[in-house]
Amino acid sequence: MITVDEKKMEWHQGITIRELLNRLEHTQFCAAVRLNGKLISTPAFETTKIPDNAVIYLLPLIAGG
Amino acid sequence: MAEFTLKEIKSLEYVRPEIEKGYTDHSLHVDLSSKDIKINPIEPKVKEKFIGGKGYDLWFMWNSVSGKTKWNDPENAICIASGPLGGTPGYPGGGKSIVTTISPLTGIPIDSNVGGYFGPYTKFSGFDILEITGKSDAQIVVLIDGIDSKIKLYEAEGLTDDSYTLSTQLTDYFDKEKPVNISVVSTGSAAKHTELGCLNFTWFDAKRKRVRYKQAGRGGIGTVFAHKNVKAVVARWGSVSMKSNNPADFDAMKNVTKLHAGEINELDPKQNRMALVGTTHLVPIMNDHDCLPVNNFKYGMHPEAHNIGEAVYEHIFDKGFDGCWRGCAVACAHGVKDFVPFTGPYKGQKVFVDGPEYETVAGCGSNLGVFDPFFILEMNFYCDTYGLDTISIGTGIAFVMECFEMGLITKEHTGGMDLSFGNRLNALELLHQMVRGEGFGMIVGKGIRKMKAIFAKDFGADAAIMQDIGMESKGLEFSEYMTKESLAQQGGYGMALKGPQHDEAWLIFLDMVHNFMPTFENKAEALHWFPMFRTWFGLCGLCKLPWNDIVPEDNRQNPEPAKVVKHVGWYADFFSSVTGRKVSPDDLIPMSEAVYNFQRLFNLKMGYGTREFDTLPYRAVGPVTVDEYLSRVERYDKDLTENYKVDITGMEITEKVAVLRKHREARYEQLKDAVYKRRGWTPNGIPTLETVKRLGIDFPDVIELLKANGVC
């Protein structure tokens, strides 16, 4: 299991951030997530694998300084 | 600390105007030449049209300066105003001041939105706006004492030029028993030698028992302040509560405050964690998306960028509450204690550094090719202490470094200094020269536009290449975002009224990453709505960060998540509850639109404000050099072939650079056409008669101005 925005979700071996976002609704404006506290941005979504028991938060649309 | 004397030369006792629904309806004017102090009522029609904050600043400045006024003329005004909502404790970002003056860099009004307690304290002392004009022969300290209902002018002798020490001394002097009652505005000693001077606004950090800083950084306001011979302006006020603004509907105000603060307290730890890391979370995100300026905006990422991002600063920042206004839940104004500089007058001593924020990290770090978090702290500390804008300093030195590496300037011109990218010691030495008023640092302190002229005229440097790589527009240095791949953000910078600062529009991700605005009309709509809404914060005395840096959990279900419509609704409720003027979310844009267009007309009055001034250096639009093109060759080749339908078979890189430039520059001009049309401006970028009438800013002198410029 993984926790995404404080909701439990099924996990499977090899799932990437991109696959996770594809499973969720309304994620087209997500450009960064926190995976176990670490920032992961769009260019790494395809290649970043999510470990089991991960805690993930989807960051809001990046809005600049 | 050195001994100093304050000799009282003028004192005015006044009956403090009561605050009614967020307003005192009075202005305070100090003329430094005549030493006159005047308190005047503000007309209801001014309140209705200009709202407060930046709106008031611009209106008062408009009436003080002529179209021929230069920054160093006595009639140039420095205006500081909060706004009707400013000074609400607990409302996130609810304590801002907005500062304006005619900028030494641009010749047009500059505005800067700054934290610290000064604006609210001045309002609670009885004044919606402070306007300072004239020029004093002796150094002056202005005291606005709302507790004793007195305005005083002092001639100062022996006060230090060091901004931190000065603020501490004056805080002690004016209320040693309750230092939290004091907020000081000052600059530093480099402001008088450069055109990049900032203002430091203080609040007293009761937990750390020290004066803290936020900066009104942009456009050289500190330089004007120093030129007028103002040593400091001090506001003194006592208790603050949610009733201080005497809101029209206290319960409604309390309710919306609770909602917004509660949401931030709950969601910030899950989102950007600004209460822990400030805006440094942006460093790795910008880097990952090729938007972090590296080596004078030449590149957008660097493998060492993680050394200067949130992961490092989270551990360096001193833990504790860091709100620049009372009870702000965002609390992003972090600092570092016991930092020990390795150069300059504080070498080897422990100091407190207020910062860094993202802009300082990117400007004084990656853009100089430096990825050392402690070097950035030292640049941050000395810029604050010397009264310098970290953005213009960072972008300006980055330009110098590229000129040095290109051979446009040499050690012969720099006083023997190697100013290659990454040279930390010599970057710091430029700051120390600015404060001593000597050496090559004095040229750098004039800003990029004047540097370009000096390098060309005196050093024989190639003016054309400097025009391409000198990251300024309207005379103001760029803030720290890469715009090459976002046409919308090119517009956000190029058409920003005061010059390329991101506070009008930050559209890079919507445009570049999400492709949310594919057409010129889409981009023009965004370049209408966002600058107008962001302007609204400056009218009301608010910070924009709580609007869209922490957002409701269901925000992404909204078809236009960038607008954060739930928060827009809260802001309308907040405004209604304090002022008693019932507004809906749809009313906020027209409020800003009047002031926004008025500022554009102000630029016109000063001899600017037309299409020819909304230009960009090509570095902001596309690759200037072959190296730059080659570094992203796949991207640029694709742009040529897919977007511009160019057959690049057999093309040399130099030809590709030239062809891409032709297309991208044409595209920016098309964007200008679309934006001007959407804003109700002529193709030359001037508000039409119809627009000024619709917005109710068709004052007689505005009509005369339009006539003089062939609009009606």
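This is a predicted model: local features need pLDDT of at least 70, side-chain atom pairs count only at pLDDT 80 or more; totals for chains, interfaces and linings use all residues.
In one salt bridge, the side chains of R661(B) and D468(B) meet at 2.8 Å, N to O. On the side of domain 2 of chain B that touches domain 3 of chain B, α6 (250–267), α17 (463–469) and β16 (472–473) of chain B each supply at least two residues; helices (H or I, at least four residues) and strands (E, at least two) are DSSP runs, numbered from the N terminus.

Chain B is divided into domain 1 (5–236), domain 2 (262–477) and domain 3 (511–712), with bounds from an automatic or database domain assignment. The C-alpha centres of domains 2 and 3 of chain B lie 26 Å apart. Contact (heavy atoms within 4.5 Å) involves 32 residues of domain 2 of chain B and 27 residues of domain 3 of chain B. The two domains bury about 2200 Å² between them, 56% of it on carbon and sulfur atoms; buried area is the accessible area (1.4 Å probe) that two parts lose on being put together, summed over both.

Between the chains, 24 residues from chain A and 31 residues from chain B take part in the contact. Chains A and B bury about 2400 Å² between them, with 62% of this area on carbon and sulfur atoms. Three salt bridges are found across this interface, and the side chains of D5(A) and R556(B) meet in a salt bridge at 3.3 Å, N to O. On the side of chain A that touches chain B, the elements giving two or more residues are β3 (32–35), β4 (38–41) and β5 (55–58) of chain A.

In chain B, seven strands form an open sheet of mixed pairing in the order β1-β9-β8-β13-β10-β11-β12, two strands being paired if DSSP finds at least two bridges between them. Strands β1 (5–13) and β12 (210–216) of chain B stand at the edges with a single partner strand each, so one side of each is left without a neighbour in the sheet. Strand β11 (residues 199–205) of chain B runs antiparallel to β12(B) and is joined to it by seven bridges; the bridge partner of N200(B) in β12(B) is Q215(B).

Residues are numbered from 1 along each chain as its sequence is written, and chains are lettered from A in the order in which they are written. Local features need pLDDT of at least 70, side-chain atom pairs count only at pLDDT 80 or more, and totals for chains, interfaces and linings use all residues, while side-chain values use heavy atoms, with hydrogens and water left out.

Definitions and conventions: A salt bridge is a side-chain nitrogen of Lys or Arg within 4 Å of a carboxyl oxygen of Asp or Glu.
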